[in-house]
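I opened my notebook today to look through a structure piece by piece. Here is what I looked up, in the order I went.

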Amino acid sequence: MSIDDRDFRPVIAAFCCNWCSYAGADLAGSSRMKYPAEVKIIRVPCSCRVNPMFILRTFEKGADGVILCGCHPGDCHYSTGNYYTRRRMASLISLMEFVGLERGRVRVEWVSAAEGAKFAETMNEFVEHIRALGKNTRLEDLRCKN
Amino acid sequence: MQKIGVFVCHCGTNIAATVDVLRVVEAAAKEPGVVHAQDYPYMCSEAGQALIASAIRDKGLTGIVVCSCSPRMHEATFRKCAERAGLNPYMVEIANIREHCSWIHKDMEEATQKAIILARAAIAKVHLNTPLAAGHSQVTKRALVIGGGIAGIQTALDIAEAGYPVDIVEKNPSIGGRMAQLDKTFPTLDCSACILTPKMVEAAAHPNIRIFTYSEVERVTGFVGDFTVDIRKHARSVDMDKCTGCGLCQEKCPSRKTPDEFNRALGTRSAIYTPFAQAIPNVPVIDREHCIKFKTGKCGLCQTVCAAGAIDYTQSDEIVSEKYGAIVVATGFDTIKLDRFGEYAYDQSKDVITSLELERIMNAAGPTGGHLERLSDGRMPREMVFIQCVGSRCSDGRGKSYCSKICCMYTAKHAMLIRDKYPDVNVTVFYIDVRTPGKNFDEFYRRAVEQYGVNYIKGQVGKVAPLPDGRLRVSGSDLIDGKAVEITADMVVLATAIEPDPSARRLASMLTASIDTNDFLTEAHPKLRPVESPTAGVYLSGVSQGPKDIPETVSQAGACAAKVIGLLAKDRLTTNPCTAHSDQLLCNGCSACANVCPYGAISYEQREVNDHGVRGERRIAVVNNALCQGCGACTVTCPSGAMDLQGFSNRQLIAEVDAICR
């Protein structure tokens with residue numbers, strides 16, 4: 001690993017549904033669990049609110065990884081929202097791989113409100129994985145660069 | 001351009017210890033549109049809120065960002081504060097720099113940088129906020145209690161006493177739940193039935209309470225204040241109105257080999273049965289799976305002997321649809337299965353039993369008539385061993401990681417009762433820790449040790465082995481003396497872990513109430529809102545929320561009732577204004593949104609539209625704001641991008657994304 005790699009601070013966005021995963025992240029915080037500061041959480045009412053376009057936009061703007069967290073299938077606050085998420089993200093991830101984005105830059109995880117530890121573990125793993133992948137250069141929009 | 005105020009909270013040292021609050025203020029002040037930025041030790045305090053209110057008034061702020069704890073904590077507080085100062089409450093955004101920042105990071109520089117970015121994202125979002133107005137919805141002044149154990153009964157009674165109608169739905173033929181199965185209760189040694197049955201009678205006789213037994217919740221739709229619930233009333237095969245409860249049918253029934261669930265399958269019952277003598281309602285049900293009439297068509301004896309003509313083999317399940325304002329989950333618990341704990345020989349010997357089975361053996365109405373005896377040969381045991389934490393506090397994944405909370409006390413109770421009634425029986429208890437917090441609990445345990453001479457050994461049991469003579473060799477360790485212990489016992493009682501009733505998971509999905517990894521329902525806040533589910537209008541009572549004993553269950557049931565009464569006392573509720581809406585100019589009426597809406601909130605109207613100067617009629621999606629719950633499924637589905645969600649609009653979320661990636 002070169003020195004540059006070690007200094008690499010990825011930009012990571014985490015979309016979290018208000019009812020399960022955002023609360024899980026709150027629990028991770030109130031339980032004083034640790035995960036890297038690179039993770040920035042965006043609150044959405046339901047994981048199904050996340051348009052695949054938002055994820056593309058995040059990469060376009062230079063993010064190195066995007067993770068989407070929702071309630072476990074069957075436990076969605078809105079009954080069926082995360083089923084849509086599951087289908088949409090399966091297509092999106094498949095498309096991302098088709099266009100040549102490294103595997104694992106987009107990830108979907110189900111984290112309940114009681115799973116603070118799982119939230120922290122997931123974020124630790126994800127950031128580690130993105131660090132290993134290095135900077136996202138394939139989907140970055142160079143026009144956004146000065 | 002918005003005029004935005006940013007307020008950064010220290011939260012004492014909760015935030016300020018890891019986030020340089022002043023640098024966050026400085027950075028926020030430089031963001032476009034920010035005309036006011038300040039910090040304060042406790043933004044949620046009255047003084048903090050006064051600061052916000054005066055800044056809104058003095059500087060004419062059109063939007064504010066509070067950098068503080070989770071919006072799940074104080075979003076409502078700051079919205080109300082804004083409203084008091086004349087700002088629309090939905091012009092408030094929270095940057096969560098405590099739970100999502102200061103509490104998870106140690107490095108001050110890192111945490112400060114992150115807090116600045118989170119503040120920036122919230123500022124970017126609030127720029128695009130629009131004033132929203134909450135609507136109102138009606139409250140159906142009736143509550144549903146799911147589960148007719150002590151938790152459900154107490155909740156229902158308290159709600160009914162306040163003057164609101166309540167329905168109890170119980171899946172068994174009688175209400176009473178687990179408490180009805182217990183013999184005595186700690187720490188007073190009251191007879192369980194003697195204190196429970198008056199409550200059962202009171203519930204049954206209460207003019208505001210309706211009880212649906214042998215019934216299950218099948219479907220739940222709607223939302224707080226306006227739930228519609230389909231209840232399946234299983235066919236009882238006995239007419240509730242005609243039956244006099246004489247019991248002759250049960251006496252005459254020739255099918256008597258069905259394991260008796262109420263006695264934990266230690267005895268048998270007839271196919272037409274009431275689970276126990278004090279059952280409410282005192283109307284039997286026919287267990288069609290074991291009834292000879294239903295299996296072979298021959299028999300019909302019960303119908304012949306029933307003088308009231310109450311037996312009706314043609315009954316079928318009935319679905320009742322009712323409206324409720326609030327739903328209480330009181331589904332209780334069961335003991336875990338012991339198939340993964342082969343070392344205790346539960347499946348190998350009839351004399352290894354669970355504590356709940358012992359409860360039935362000790363009970364006068366139980367399978368042995370209340371005599372303590374071995375189930376294998378009917379002899380009285382001389383040597384009894386109790387094993388604590390069987391499947392509780394289990395770290396190897398075979399059982400439950402939590403403490404079942406009630407076992408230490410009921411084991412002390414069993415040990416004490418046995419020593420009291422049969423002083424010749426030696427009682428040994430293997431324990432990991434004895435946990436007796438609770439009023440008069442430790443005194444109770446001390447009595448078992450000091451007054452009744454129960455032998456407590458700190459240590460775990462490695463193996464229970466049945467011996468050729470029918471006795472049981474219990475091999476364990478004494479951690480205090482550091483020695484191996486071997487006891488030849490006549491009976492072994494396992495303090496088996498408790499787990500939520502299996503129905504809880506299905507019910508939670510129906511109610512869209514969250515559930516934890518152990519299938520206990522989750523509270524809206526573990527400390528401050530312990531009897532409410534995060535799903536509005538759903539409340540938690542009893543063990544469905546977590547292990548607890550009877551006094552705790554009863555107190556929680558009362559608390560739960562108070563919350564329900566608080567809701568039912570309201571004439572109307574304010575609804576969430578963060579709902580979807582469609583842009584008439586973009587919508588082409590394709591129906592994609594209506595197909596994904598879980599609430600049926602989207603319908604279509606022919607509307608006159610102006611398409612680039614051409615006037616015409618078009619089918620347009622219209623969202624019913626009273627039904628829309630704001631999930632946003634439609635917004636992503638819409639192929640033309642006509643659907644958007646207020647409060648979480650496409651532009652707002654993209655602004656957040658951009659701010660984070662900047």
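**Entry 1: ground rules.** Before looking at strands, I noted that two strands pair if DSSP finds at least two bridges between them. Helices (H or I, at least four residues) and strands (E, at least two) are DSSP runs, numbered from the N terminus. I am working with a predicted model, in which local features need pLDDT of at least 70, side-chain atom pairs count only at pLDDT 80 or more, and totals for chains, interfaces and linings use all residues. Residues are numbered from 1 along each chain as its sequence is written, while chains are lettered from A and ligands numbered from 1 in the order in which they are written.

**Entry 2: antiparallel strands in chain B.** I started with strand 12 (residues 226–233) of chain B, which pairs with strand 17 (residues 318–324) of chain B in the antiparallel sense over seven bridges. Which residue of strand 17 of chain B is the bridge partner of Phe227(B)? I found Tyr324(B) there. Strand 12 of chain B also pairs with strand 11 (residues 215–223) of chain B, again in the antiparallel sense, over eight bridges. One bridge in that pairing joins Ser215(B) to Lys233(B). Strands 11 and 12 of chain B form a hairpin with two residues between them, and Gly225(B) in the turn has a positive phi of about 85°.

**Entry 3: a parallel sheet.** Next I traced an open sheet of five strands in chain B, with the order 20-27-21-22-23 and parallel pairing. Its edge strands are strand 20 (352–354) and strand 23 (455–458) of chain B, each pairing on one side only. From one strand to the next the twist averages 20°; angles here run from 0 to 180 degrees between N-to-C directions, and axes are lines fitted to C-alpha atoms, for helices over the stretch in contact. Strand 20 of chain B runs parallel to strand 27 (residues 491–496) of chain B, and three bridges join them. Within this pair, Ile353(B) has Val493(B) as its bridge partner.

I then checked what packs on the sheet. Helix 12 (residues 407–421) of chain B does, touching strand 21 (383–390), strand 22 (426–431) and strand 27 of chain B. The direction of helix 12 of chain B makes about 175° with that of strand 21 of chain B. Contact has a cut-off: two residues are in contact if their C-beta atoms, placed from the backbone, lie within 7 Å.

**Entry 4: buried places.** I call a residue buried if 20 or more other C-beta atoms lie within 10 Å of its own, exposed if 12 or fewer, and partly exposed in between, with C-beta atoms placed from the backbone. Helix 11 (residues 355–362) of chain B is largely enclosed by the rest of the structure, because seven of its eight residues are buried. Among them I listed Ser355(B), Glu357(B) and Arg360(B). Their cover includes strand 20, helix 12 and strand 27 of chain B.

I also picked out Met200(B), in helix 7 (residues 192–205) of chain B. Is Met200(B) buried or exposed? Met200(B) counts as buried because 24 C-beta neighbours lie inside 10 Å. Leaving aside neighbours within four places in sequence, Met200(B) is in contact with Ile153(B), Ile175(B), Gly176(B) and Ile280(B). The C-alpha atoms of Met200(B) and Gly176(B) are separated by 6.8 Å, though the two are 24 residues apart along the chain.

**Entry 5: where the chains meet.** How many residues does each chain give to the contact? I noted 43 from chain B and 44 from chain A. Helix 18 of chain B supplies the largest share of the side of chain B that touches chain A, with eight residues.
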